[in-house]
Amino acid sequence: MAPSLVRDTFHHHWREDNLASAARCEVCRRSRGSSDVLAGMRCEWCGITSHVACYLSMPPECTMGRLRCMLLHPACVRLDSRNFSKMHYDSDDVDPSAAVSKDGQPAAPDSGKQFLKVFDGDDAAKRGHFRLISILRATRNEEVVEAALRAFYLPDDLQDYELHEIGGLQRLHSDDILNRNSGPDNRLKDAGDVWLLRAKPRDAEVIKVYVSWPRLGAAFVPVSVSKNSTAASVLTEVLSHLDRQRQTLTPQEKILDKLQEIRKVSLRQMNQTRFYIVENRNRSVQVSLLIGGLPPLLNKDEYSQLVQEHLTIKSHLVAISHIYASQGAVALQISCFSEAERIYMLAKDTSVNSKPLSSHVIPEIMHNKLGEDVCPLLVFVNPKSGGLKGRELLCNFRKLLNPHQVFDISSGGPLAGLHTFREVPRFRVLVCGGDGTVGWVLGVLEAVRHKLVCREPPIGIVPLGTGNDLARILRWGSGYSSEDPHHILACVDEAEEVLMDRWTILLDAQDISEDGKDNDFLEPPKIVQMNNYFGLGIDAELSLDFHLAREDEPDKFTSRFHNKGVYVKVGLQKISYTRSLHKELQLQVDSQNVPLPNIEGLIFLNIPSWGSGADLWGSEVDSRYGKPSIDDGLLEVVGVTGVVHMVRMLRKSKQKQKKSSSGVKDGRSESPSSRVGGH
C-alpha cells in the first residue's frame, strides 16, 4: 500500500514528577499526589500531568501550552556547521539534580539503591558527558533501560535498545537481573557502574521524508528502508508518490547504514534527525562565526588586518559580514567547514593586546518561517549569579526552550544572542542575573540597536543578584528562590509592558583653578549609561570597594547573605570617613546652581529603590513633591552625610516595607502581577 502524506507534530516531553495535591490526571481525572515518591508524569512543555499508569494512553501530540508562542521552532533554525553546536554550547550533560559529591563521584546512596553512569553513544563517551540514573540494587534489565531512556528523554520502545558495559563486552539481556547483594563472586566490577546506551541492530525500519524544510505541522512521507535502500531509491519512491519528476541522487549512499552510523554517534541525535527533499541548487556552505575581544572603535580595514594577522584567514573563503565596533567584535562568513573549524579553535587560544578572543557559532534564524503569533524569547543567563542557581536555570531553560535561544552571558557577553536575533521582527528578552547583568544587556542593546530589526524588545528579569533593585521596581521580586522555570516562562507570557527612562551620563572631570577657569582634563571624557542610580562620594566608594573585593576573590561571593556582609564590612571601614564633598562639587539643575549642605555623597535616582529596596526619596510623606516614576523623565537627587545616615535610611525603609507587607497579608491590597520592563 502506498504511503500517505501525514503531518508532523511535537510529542510530549514527559518527566517523572511529584504531583501536587491539587493536580489531576488528564486521563482518569483523579488526583493521587504525593510528596514522598515520584507519583506521576508531567510534560515539561505543556505542563499537563498524569499518573505513571495512565500517561501511555494519552495522545502523543503536544500543543506546547504557554511555550508555543515564545519557543524558537527547530525548523526555523539552520546551522551549517557539523558538530559546532556541541562546541558552542559546551554544557555539561550531567543532570544538575543528580546527587554528586565534590570529587565528581556519585554521592553515597541509600542502602537499597545504586547509581549508574549512562553515556549516549560514542560522542558522549569521548567528551565524558553522562547522565546518572538511580536504580534498586536488584532491578530487571527492562527497568534499567527504561530509566536510561527517560534520562535522555527518548520516547521510543525500550525493546529496541540495550546497554553495553564500557570497558568490556558484557550486555544486559532481557532475563538478566542486576544483583549486587548476593556475595562478592557475583558483584560487578567498578566498570559495571558505567554503561553505554545502544540501539539494537535493525534489518529494516521506517523513516520520515519531508516534502520541504521541516516546520511545525509539515507534511512527510513514511518510507520503509532496508539494507539495500539507497538515497536515490528513497528519493525515487517519495517523488513518485508526490507525482514529481524523477531525479537521480549521487553518491549511492546506503540509508540503513547511515541510520546505524548516526545512532552509534548519539541516540538523541538520531531522535532529532529528519530527512527532507529539496530542489538541488548546489547550495554553498555558509558558517557564521562571531569573533569578540578585539580592540573597540576600529574601522573595517583595521579589523580585517587584525583578523588576518592573528587568525591567518584565507581571504577567498572568509569575509567580514558585520562589524560591531563599539563591542570590539566582527562576524565572519566562511564558505568551508574545515576553515571555519580551524578559525573557531584558533580564536579560543588567541589574545589581542593581552585580551583573549571569544568565538561563537551563529545559527541562521529563518524569520520568514516564524508564525504571525510567535514572539520568541531570547534568554541571557549569568551562571555566576545566585551561587549555583544561575547554572541550574541555564540547564533548565535549554531543556524547555530551543538551546539556540538561551545564552550563557559569561561566555562572550550578550552580543552573540543579539546578533543571532538581529533579523527577527519581534522578540522579547529575559535576563537572569543581578542589576549589573541587566545593565550589561541594556548597554549592549543600546549600542547595537540600530542593527536590529526589533530595536526595542521588552525585557524581563529573573533576579539572581544581591540588591535586585530594578527587579523589585518592575515587580519581578526581590530575589530568585528556586521557582519552577516553567512558571517563570508563564509569568513572562502574562507580563505587561511598561516604559522606563534610561540616562546617558558624560563624565568629563576637569581641574578648575581658584579663579574659576577650566584647566586640562584630569582623565579622558567617558560616556556611561544609567538605569538605576548613579552615586558620587561615599556611596560610590563603598560600591568600588565591594567590586574590588569581589574581583579579588570571586569564588566567595556566591550568596546574597555573604555579599551583604561584605557591604557591612566596607561600610564600617568608612564610618568615620570625611571629605566635605560639598566643597568640591557644584550642582546645577535646569541651569540653576543648587547650594549643597555639608554632605559626603550625592545619589541620582532613576528608580525609587536603592541598596536592596530602600526608598531614599520618601515622597509619600512630603507633599511638596510628587511621587517619583520610572518613566517621568526626571531624576531625583539625594544627598547623604555619611555611612550612618545611609544606614538610618535603609533601616527606615525596611520598617516601611514590613508595614506594607503586613497590609497585604490583612487583605487590604493584592500582590502586584509580574511585568516586563522596557527601556
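Reader: Which residue of strand 34 is the bridge partner of L536?

Author: This is a predicted model, and the pairing is read from it. Strand 31 and strand 34, residues 601-605, pair in the antiparallel sense over five bridges. Within strand 34, the partner of L536 is L602.

Reader: Which strands are the edge strands of that open sheet?

Author: The open sheet has three strands in the order 31-34-35, with antiparallel pairing. An edge strand pairs on one side only. That applies to strand 31 (533-537) and strand 35 (636-640).

Reader: Why is strand 11 largely enclosed by the rest of the structure?

Author: A residue counts as buried under 20% relative accessible area. Strand 11 covers residues 194-199, six residues. It is largely enclosed because the number of them that are buried is five.

Reader: Which residue in strand 11 is the bridge partner of E165?

Author: Strand 11 pairs with strand 6 (residues 113-120) in the parallel sense over four bridges, and D120 stands opposite L197 there. Strand 9 (residues 161-165) is joined to strand 11 by five bridges, and these two run antiparallel. In strand 11, E165 has as its bridge partner W195.

Reader: Which residues does F397 touch, not counting residues up to four places away in sequence?

Author: F397 is among the residues of the largest core that touch the most other members. Leaving out residues up to four places away in sequence, F397 touches V379, V381, V406, L430, C432, P485, I488 and L489.

Reader: How many disulfides does the count come to?

Author: A disulfide is a covalent bond between the sulfur atoms of two cysteines. The cut-off for the two sulfur atoms is 2.5 Å. For C54, the nearest cysteine sulfur is that of C25, 3.9 Å away, and C54 is in no disulfide. Over the model, the count comes to zero.

Reader: Is C76 buried or exposed?

Author: Buried means under 20% relative accessible area. C76 has 4% relative accessibility, so C76 counts as buried.

Methods
Residues numbered from 1 in each chain as written. Predicted model: local features only at pLDDT ≥ 70, side-chain atom pairs only at ≥ 80, totals over all residues. Heavy atoms only, no water. Core = buried A, V, L, I, M, F, W, Y, C linked by side-chain atoms within 4.5 Å. Buried < 20%, exposed > 50% of the residue type's maximum accessible area, 1.4 Å probe, protein only. Contact = heavy atoms within 4.5 Å. Pairing = 2+ DSSP bridges.
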